[in-house]
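Take a look at the fold shown here. The report then goes through its turns, strands, helices and cores.

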Amino acid sequence: MTNKTKTEGRRIKSVDQAFTIIDYVETEDGVTLSQIAEELDMAVSTAHIHLSTLVQNGYLIKEDGKYRCSFKFLQKGGKKRDNTPLFQIAKPELDDLQDSTGEHTNLMVEEGDRMVQLYKSQGTETIDDDAPIGKHFHRHVTAAGKAILAHQPKEVIDEYLSNEELPQY
């Protein structure tokens, strides 16, 4: 999927704003209404309506005057992962492999133009990469992504290289 494909089509500005708020709240350890309005350059009244809606729908919580993401995202992501046939098949295999080798194992899948970590099984002697479940990675920074790219036709690889910003990690 190219970057152009991702941006085609009509968009609903209020939905974009809600996700911008969620993304901002997720990066902070609790934010106030005024912080959100100022940081995201939106009217306080607009920010308040979005925040109230997100709280009422259970995606944000408000405690001590600060907004935080709720665990509803974990519920949704966990259900999606648990219902994925590849995860259901791979999890016990990865756990067995980790038990027999003592090494870190993980399961990654493609989602759009990124790799997503669905599961990891870590031994007590391994070094954790601190990558949370659900993290999205550029293909070129993961072993799984490199393996997938290595088996793609040249045209697919050329398109990936021409459409991607390839950040260093």
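Which residue takes a positive phi in the hairpin of S3 and S4? Gly112 does, with a phi near 65°. This hairpin has two residues between the strands.

## About the model

This is a predicted model, in which local features need pLDDT of at least 70 and side-chain atom pairs count only at pLDDT 80 or more, while totals for chains, interfaces and linings use all residues. Residues are numbered from 1 along each chain as its sequence is written, and side-chain values use heavy atoms, with hydrogens and water left out.

Helices (H or I, at least four residues) and strands (E, at least two) are DSSP runs, numbered from the N terminus. Two strands pair if DSSP finds at least two bridges between them.

Strands pair in sheets through backbone hydrogen bonds, either parallel or antiparallel. Here, three strands make an open sheet in the order S3-S4-S5, with antiparallel pairing. Its edge strands are S3 (105-111) and S5 (136-138), and each pairs on one side only. From one strand to the next, the twist averages 40°. Axes are lines fitted to C-alpha atoms, for helices over the stretch in contact, and angles run from 0 to 180 degrees between N-to-C directions.

Seven bridges link S3 and S4 in the antiparallel sense. Leu107 stands opposite Tyr119 in S4. S4 covers residues 114-121 and is joined to S5 by three bridges, also antiparallel. Val116 has His136 in S5 as its bridge partner.

Thr142 is found in the loop between S5 and helix H7 (143-150). Is Thr142 buried or exposed? Thr142 is buried, at 7% relative accessible area. Buried means under 20%, exposed over 50%, and partly exposed in between (1.4 Å probe, protein chains only). Leaving aside neighbours within four places in sequence, Thr142 is in contact (heavy atoms within 4.5 Å) with Met108, Met115 and Phe137.

## A hairpin and two positive phi values

S1 (residues 60-63) and S2 (residues 66-69) run antiparallel and are joined by four bridges. Glu63 has Lys66 in S2 as its bridge partner. The two strands form a hairpin with two residues between them.

Most residues other than glycine have a negative phi. Asp64 has a positive phi, near 55°, and is not a glycine. Asp64 sits in the loop between S1 and S2. At 83% relative accessibility, Asp64 counts as exposed. Asp41 is not a glycine either, and has a positive phi of about 55°. Its loop lies between H3 and H4. Asp41 is exposed too, with a relative accessible area of 72%.

## The nonpolar cores

In soluble globular proteins, nonpolar side chains tend to be buried together. A nonpolar core is a set of buried Ala, Val, Leu, Ile, Met, Phe, Trp, Tyr and Cys residues joined through side-chain atoms within 4.5 Å. The largest core in this model has 13 residues. Those with the most contacts inside it are Ile21, Val25, Ile36, Leu51 and Leu60. Helices H2 (13-27), H3 (33-39) and H4 (44-56) each supply at least two residues of this core. H2 gives the most, with four. Another core, of eight residues, lies apart from it and includes Phe87, Leu107, Leu118 and Tyr119.

Which residues does Ile21 touch, not counting those up to four places away in sequence? They are Ile36, Leu40, Met42, His50, Leu51, Leu54 and Leu60.

## Where H2 meets H4

The axes of H2 and H4 come within 10 Å and cross at roughly 75°. That makes H2 roughly perpendicular to H4, because angles from 65 to 115 degrees count as roughly perpendicular. From H2, Ser14, Gln17, Ala18, Ile21 and Ile22 meet Thr46, His50, Leu51 and Leu54 in H4. By class, this contact has five nonpolar, four polar and no charged residues. Ala, Val, Leu, Ile, Met, Phe, Trp, Tyr, Cys and Pro count as nonpolar; Asp, Glu, Lys and Arg as charged; the others, Gly among them, as polar.

Ile22 lies in H2 and is buried, with a relative accessible area of 10%. Ile22 touches Leu54, Cys69 and Phe73, not counting residues up to four places away in sequence. Arg81 is 59 residues from Ile22 along the chain, and their C-alpha atoms are separated by 21 Å.

How values were computed. Angles under 35 degrees count as roughly parallel, over 145 as roughly antiparallel, 65 to 115 as roughly perpendicular and the rest as oblique.
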